[in-house]
Amino acid sequence: MAKLGYPFTLGVASGEPAPDGVILWTRLAPVPFDPDPARPGGMPARSVPVRWQVAEDPAFARIVRQGTASAAQAWAHSVHVRVDGLRPATDYHYRFSVGAPFGAETSPAGRTRTAPARDSTAPVRFAVASCQRYEHGHFTAHRHLAAELPDVVFHLGDSIYEYGRPAVPKPGRYVRPLEPPERECLSLHDYRNRHARYRTDADLRAAHAAAPWVVTWDDHEVDDNYAGVRPADGSPPAAFLRRRTAAYRAYYEHMPLRVRPVGEELRMYRWRPYGGVADFLVLDARQYRAGADMLGPAQERWLLDRLRSARARWKVLVQPLFFARRAFPGPLGPTFSTDAWDGFAEQRARVLAAAGERLVVLSGDVHNNWACDLDDDAGRPVGVEFVGTAITSAPSGAGGGPILAANPHIKFFDDHRGYLAGTAGPAGFEIAYRVVDFVDRPSGQLGTAARFGVREDRVVRLDV
Ligand SMILES: [Fe+2]
């Protein structure tokens, strides 16, 4: 067989940090968006052994774990290696290598970090990213995020967008091309090639290689504003469920997840503890949605139990959607987004009641920055919400001023693209709103729009 090209075009990643281990990820794709659905990534139709190594040092002189995984065509030659036996709160370095039919090739090295031990009170440094629409801009924010070497990165969804090239792109909103033929994703092949398009971006690869990621999804990993098995356009659920299953599979194939899809389901909601400091509760706001129920009964039971029994200083929801009440003033009275938590107010009230205090909600979706106080139905403070802006996706265009005026519990608005840099410790919780000055061309400079802390379950503005 002819020698294949370099296979690590999509980079490496790690995720799901536990005190004793992480998941390592890569995918072999010498032709990242091969047009032939029978050859995803330009790979032959057979399994390929992939060697992996974990070391204590970036030169790989002190290797502590190694082995061989099988990259199978059924999973688009992705590998998900479950590494255990590591020490808590420790940096590690990892890489992959392959032999025939590639000759001998080694991947770039990634840096990862295990979670702290259960009794640790060491602060955790994290970053929060969301909404990275490839065609809308350059992933400069991800390059700056990578340089911070956070302990962990939370991604809140819209890691891809399913759209094709619009017939008439709006000015400034189509600054780089999707993979050919630039059409909307419908099939497994389409979603695989769209994820691959994103990972050909060097800044996104750098962010994945810099720290372990804990990911959840929003709607655009499948289809705009879908709910459970129902697409927003009203087309039949049976056909949509086939599309959703393909999209979930491609998502798994490109993310460092601990669990794989089972039938039509990919279990995303989960608990990621960081010692005694933070219980990160990762939510799935899409898969089980029906009527006035965003989470589905099983996920809601799990969440309320976790909130009531949480022992760490902070209870942190890692989820895509604007959580606080947000009234949009209008001539006929206020209106609300029914796709966000305002469309699920009774469920939101149950979440707030179960949390009681020390709740921090991390959100994305709306493509600009916000900070909010959260009260229960009796007006008592329960916690705060930090809404992080998009990496690139363009905002709707509505300004923040009228919304701030109509919603006194919303304290901050900023209209840049960027990410959040946070620290959670036994004494405090702080968020810096990192922003870039432009995304329509490379090399945007990084700044900090504002910093907020939490005092007695209220946001407080800090000096930058
Ligand atoms: Fe988005």
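**Salt bridges and enclosed helices**

Arg-441 counts as partly exposed, with a relative accessibility of 42% (buried is under 20% relative accessible area, exposed over 50%, partly exposed in between, with a 1.4 Å probe and protein chains only). Asp-440 also counts as partly exposed, at 40% relative accessibility. The side chains of Asp-440 and Arg-441 meet in a salt bridge, 2.8 Å from N to O (a side-chain nitrogen of Lys or Arg within 4 Å of a carboxyl oxygen of Asp or Glu).

The model is predicted, with pLDDT of at least 70 needed for local features and 80 or more for side-chain atom pairs, while totals for chains, interfaces and linings use all residues. Residues are numbered from 1 along each chain as its sequence is written, and side-chain values use heavy atoms, leaving out hydrogens and water.

In total, the count comes to 31 salt bridges. One of them pairs Glu-16 with Arg-272, where the closest N and O atoms are 3.0 Å apart. This pair links distant parts of the chain, 256 residues apart, with Glu-16 in strand S1 (residues 12-18) and Arg-272 in strand S12 (residues 270-274) (helices, H or I of at least four residues, and strands, E of at least two, are DSSP runs numbered from the N terminus). Both partners are shielded: Glu-16 is buried at a relative accessible area of 1%, and Arg-272 counts as buried at 10%.

A further salt bridge joins Arg-165 and Glu-182, with 3.8 Å between the closest N and O atoms. Arg-165 and Glu-182 lie in the loop between strand S10 (152-155) and H2, so the pair ties together parts that are 17 residues apart in sequence. Arg-165 is partly exposed, with a relative accessible area of 42%, and Glu-182 counts as partly exposed at 21%.

Helix H2 follows. H2 (residues 188-199) has twelve residues and reaches 17 Å from its first C-alpha to its last, close to the 16 Å expected at 1.5 Å a residue (the expected span being 1.5 Å times one less than the number of residues). Eleven of the twelve residues of H2 are buried, so H2 is largely enclosed by the rest of the structure. The buried residues include His-189, Asp-190 and Asn-193, and the buried residues of H2 pack against strand S2 (21-27), helix H3 (202-210) and H4.

With helix H4 (residues 237-253), H2 packs at an angle of about 35 degrees, the axes being 8 Å apart (axes are lines fitted to C-alpha atoms over the stretch in contact, and angles run from 0 to 180 degrees between N-to-C directions). Leu-188, Tyr-191, Arg-192 and His-195 of H2 meet residues of H4, among them Arg-243, Ala-246, Ala-250 and Tyr-251 (contact means heavy atoms within 4.5 Å). By class, six nonpolar, one polar and four charged residues make up the contact of H2 with H4 (Ala, Val, Leu, Ile, Met, Phe, Trp, Tyr, Cys and Pro count as nonpolar, Asp, Glu, Lys and Arg as charged, the others, Gly among them, as polar).

Helix H1 (residues 140-147) has six of its eight residues buried, so H1 is largely enclosed by the rest of the structure. The buried residues of H1 are Thr-140, Ala-141, His-142, His-144, Leu-145 and Ala-146. Just after H1, Leu-149 takes a positive phi of about 45 degrees.
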